[in-house]
Amino acid sequence: MNRSDPKKFRIKSFGCQMNVYDGERMSEMLVDQGMSSAGDGEDADLVVLNTCHIREKAAEKVYSDIGRLRDKDGNSPMIAVAGCVAQAEGKEISRRAPSVDIVVGPQAYHRLPGLIDRAKTGKKALDTDMPAASKFDVLPTRKKQARPTAFLTVQEGCDKFCTYCVVPYTRGAEISRPWSDLVNEAKALVDGGVKEITLLGQNVNAWTSEDDKGQMQGLDGLIRALDHIDGLERIRYTTSHPNDMTEALIAAHGEISALMPYLHLPVQSGSDRILKAMNRSHTTESYLGILSRMRKVRPDIAISGDFIVGFPGETDADFEETLAIVREANYAQAYSFKYSPRPGTPAATMEDQIAPDVMDERLQRLQSLLNEQQHDFNRTALGRQTDILLERNGKLDGQLVGKTPWLQSVHIIAPELAIGDMVDVTIESAGPNSLQGKVTRREAA
C-alpha cells in the first residue's frame, strides 16, 4: 500500500443515512482527485472511517476498526477518521490511535484532498472547524449512480438541543441548503439513473428557502417542485421533528402521488414528564394529533418512530406510558435503543441514571411490542398488488429485492429483471422483516 501517494480508497460509513450521503460525496470528491475506489478484496491505500457518535458502542467500534487496519507487521493504510466522532473527540483520536493520519469533521470533509496532501508529508492533519462557507458549494457535481435510489441532504444541524443528543455539537446549527442547489442536484441524480430520492436532514422538515421566484418555501414546496422532474418516481424524507410538522407538509401526503406513504416521526418517550426532561418540546397529545391528521389525508400511511428507554429518571410508570403510546400509534416499524450518555450533553450528568439491567428489561418488552406491530403491518400486505422498485440482488439465484411504497422489503424470483426496474407484484407471504412476492407486471421500457 502506498501511504505517500494513495491511489485507491475505501470509505466505511457508520450510523445514519446522512453519513451514507456524506460518504458518497467524499467518494465522488476523491475520484475527482484522480483516485479510484478499491474493489472487494482489494487493498486500499486510504481508508476513511465515516463515523457516528450517537451511541457509545458506535464510537468504540471505530477504534476497533482502526486497530484491525494494521497488518501483522504493524503497517496500515493512510487512515482518516471523519464524521461526528471526529468532530466530538478531535485530538483525542490522535492520542488514542496514533496510526490515524487525518481527523476531519462532518462540516469540513470538503477539505479532505488538502488534508491528504498534508498527511503525505508525514504530518498529522486535523480539521474540525465548522466553516461558514457551505461545503456543498465546493463538492463536485453528482455522478451517475450505481443504484436507482439516492439520498439528498437538504438540511443539516439542529437547534433543538434535546438533552441526550450530541448533534447540535457535532453538526452545528440548523442550516438549509438553497432551493436551486437542491433542484439542480435532484435533476442530476435523475439524469444519472435515479428513480427514488430520499431527502435528508437532522430535522428535515425544518428546511426552508426562497424559491426561484423569491417566495419562501418549506419542505412541502420543495417536494412539489421535485415532483415535476421527469423520471423521478418516488420521493421520501427523513428524519422529521414533531415541532416542524406543518399542515402544508401533511396535506402534501394526500396530494402528491410520488410522495411515498411513509413517515418517520420520532417521539422518543410516551411520558410527558420524560419528554420535558429530554427537551423534546412536544407532548404525547400533540404527537398523536399529528399522526391522526396524517392518517386522515393518507389513510394507508406507514408510521415509523424512535424510542429511548432508560432515560435518567424514567420510572416504571413512565415506561408504561411509552408502551401505551406505542399501542395507540400502531407503528409499521420503529427503532428503539437504551439510553447512552454522551459526554457534554446535559442528560449525562442528570441524577437517577437507570441501572443497565432495568434498561435491558424495558428494551426487551418494548421491542417485543414493536416487532409484533411490524409483523402485523406486514401481514396486512398479504394478497395486495403493489409496485416495487428493485434495488439489489438477493441471496438466491435469480432473486431480487425491492421496496414497496411503505418501505417494506420484498423478495422476488425474477432472473429476467434487473436492478432499477419498477414492477408490480402480488404479496404472497409476510414475515416479521420482509415480504415475498410474485411479479404480475413489469414496467414498460
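# Exercises on salt bridges and overall form

Arg95 and Glu92 form a salt bridge, their closest N and O atoms lying 2.5 Å apart; a salt bridge means a side-chain nitrogen of Lys or Arg within 4 Å of a carboxyl oxygen of Asp or Glu. The model is predicted: local features need pLDDT of at least 70, side-chain atom pairs count only at pLDDT 80 or more, and totals for chains, interfaces and linings use all residues. Residues are numbered from 1 along each chain as its sequence is written, and side-chain values use heavy atoms, with hydrogens and water left out.

**Exercise 1.** State where Arg95 and Glu92 sit and how exposed each is.

Solution.
- Step 1: both belong to helix H4 (residues 91-96), and their spacing of 3 residues separates them by about one helical turn. Helices (H or I, at least four residues) and strands (E, at least two) are DSSP runs, numbered from the N terminus.
- Step 2: the classes are buried (under 20% relative accessible area), exposed (over 50%) and partly exposed in between, with a 1.4 Å probe and protein chains only.
- Step 3: Arg95 has a relative accessible area of 57% and is exposed, whereas Glu92, at 31%, is partly exposed.

**Exercise 2.** Find which parts the salt bridge between Asp65 and Lys12 ties together.

Solution.
- Step 1: the side chains of Asp65 and Lys12 meet at 2.6 Å, N to O.
- Step 2: Asp65 lies in helix H2 (residues 56-68) and Lys12 in strand E1 (residues 8-13), so the pair ties together parts 53 residues apart in sequence.
- Step 3: Asp65 is buried at 6% relative accessible area, while Lys12 is partly exposed at 35%.

**Exercise 3.** Describe the salt bridge between Lys7 and Asp5.

Solution.
- Step 1: the N to O distance is 3.2 Å.
- Step 2: Lys7 is partly exposed, with a relative accessible area of 47%, and Asp5 is partly exposed at 28%.
- Step 3: this bridge is one of 34 in the structure.

**Exercise 4.** Compare the radius of gyration of the protein with the globule rule.

Solution.
- Step 1: the radius is taken over C-alpha atoms, and the rule is 2.2 Å times the number of residues to the power 0.38.
- Step 2: for 445 residues a compact globule would have a value near 22 Å, and the protein has 22 Å, which agrees.
- Step 3: the C-alpha trace spans about 60 × 60 × 50 Å along its principal axes, and 54% of the 445 residues are buried.
- Step 4: the secondary structure comes to 13 helices and 21 strands.
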